[in-house]
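Below is a set of questions and answers on how particular terms are applied to one model. Each answer sets a value against its criterion.

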Amino acid sequence: MKIWIINGPNLNLLGTREPDIYGHETLDTINRRIQTYLIDKKHMYEFYQSNSEGALIDKIQEAREENVDGIVFNPAAYTHYSYALHDAVKAVSIPTVEVHLSAIHSREAFRKESVIAPACIGQVSGFGSNGYLLGVQALEHHLLEEKQK
């Protein structure tokens with residue numbers, strides 16, 4: 001399988017950014033754990049992070065050109081208002097799992113709604129960095145089920 005992990009704004013600051021909410025691990029540390037899992041499963045992968053909405057849209061569109069099987073996507077703050085990212089995920093028709101480190105439904109009112117989630121096959125939130133691995137595993141399961149149909 002070819003799986004891309006795409007991260008949105010401010011996730012490059014993990015480890016120092018509000019560690020009481022987002023934890024002490026850096027994005028590089030999280031990516032290394034995911035990488036180990038993906039290598040063990042013999043999956044192809046790519047990691048990408050951008051603070052720019054347009055760059056994230058470009059990367060999602062590139063995934064279609066690159067025949068990516070699935071995406072694990074943490075849109076970060078764009079979760080709550082980026083209809084453009086919603087449209088990009090929907091337009092490429094690549095199974096996508098939305099991931100959040102914090103339990104977004106337990107936080108401030110503006111964080112409770114995801115405009116991206118309806119374009120995704122599912123959402124994982126509130127499990128810290130383990131949510132990425134849960135997202136990858138859910139994606140694997142979904143892709144295997146789709147192949148068996």
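**Terms and the values behind them**

The largest pocket of this predicted model has a volume of about 150 Å³.

Q: What makes a residue part of the lining of the largest pocket, and which residues lie nearest its centre?
A: A lining residue has an atom within 4 Å of a point of the pocket. The largest pocket has 15 such residues, and Tyr22, Ala76, Ala77, His100 and Arg111 lie nearest its centre.

Q: How do the residues of the lining divide into nonpolar, polar and charged?
A: The lining holds seven nonpolar, five polar and three charged residues.

Q: Why is isoleucine 57 called buried?
A: Buried means under 20% relative accessible area. Isoleucine 57 has 17%, so the term applies. This residue is found in helix 3, residues 53-65.

Q: What does isoleucine 57 contact beyond its neighbours in sequence?
A: With residues within four places left aside, isoleucine 57 is in contact with Ala84, Leu85 and Ala88. Its C-alpha atom is separated by 8.2 Å from that of valine 89, which is 32 residues apart from it along the chain.

Q: Why does serine 102 count as buried?
A: The relative accessibility of serine 102 is 8%, and the cut-off is under 20%, so serine 102 is buried. It sits in the loop between strand 4 (96-100) and strand 5 (122-125). Apart from neighbours within four places in sequence, serine 102 is in contact with Ile21, Tyr22, Arg107, Ser125 and Gly126.

Q: Which residues does glycine 122 touch?
A: Not counting residues up to four places away in sequence, glycine 122 touches Thr96, Val97 and Glu98.

Q: What makes strand 4 and strand 5 a pair?
A: Pairing needs at least two bridges. Strand 4 and strand 5 are joined by four and run parallel, so they pair. Histidine 100 stands opposite serine 125 in strand 5.

Q: How do you know that strand 3 pairs with strand 1 and with strand 4?
A: The criterion is at least two bridges. Strand 1 and strand 3 have five, in the parallel sense, so they meet it. Strand 3 and strand 4 have three, also parallel, so they meet it as well. Asparagine 7 has asparagine 74 in strand 3 as its bridge partner, and isoleucine 71 has threonine 96 in strand 4.

Q: What makes strand 2 and strand 5 edge strands?
A: The five strands form an open sheet in the order 2-1-3-4-5, with parallel pairing. Strand 2 (44-49) and strand 5 are the edge strands, as each pairs on one side only. The twist averages 15° from one strand to the next.

Q: Why is strand 3 described as largely enclosed?
A: Five of the five residues of strand 3 are buried, so the rest of the structure largely encloses it. Gly70, Val72 and Asn74 point one way, Ile71 and Phe73 the other way, and all are buried. Helix 5 (residues 130-148) lies across strand 1, strand 3 (70-74), strand 4 and strand 5, and runs at about 155° to strand 3.

Key: Residues numbered from 1 in each chain as written. Predicted model: local features only at pLDDT ≥ 70, side-chain atom pairs only at ≥ 80, totals over all residues. Heavy atoms only, no water. Helix = DSSP H or I, 4+ residues; strand = E, 2+ residues; numbered from the N terminus. Buried < 20%, exposed > 50% of the residue type's maximum accessible area, 1.4 Å probe, protein only. Contact = heavy atoms within 4.5 Å. Axes fitted to C-alpha atoms, helices over the stretch in contact; angles between N-to-C directions. 1 Å grid on protein atoms, 1.4 Å probe; cavity = no way out; pocket = protein on both sides within 12 Å on 5 of 7 lines; lining within 4 Å. Points joined across faces, edges and corners; volume = space filled by probe spheres on them. Nonpolar A, V, L, I, M, F, W, Y, C, P; charged D, E, K, R; others polar.
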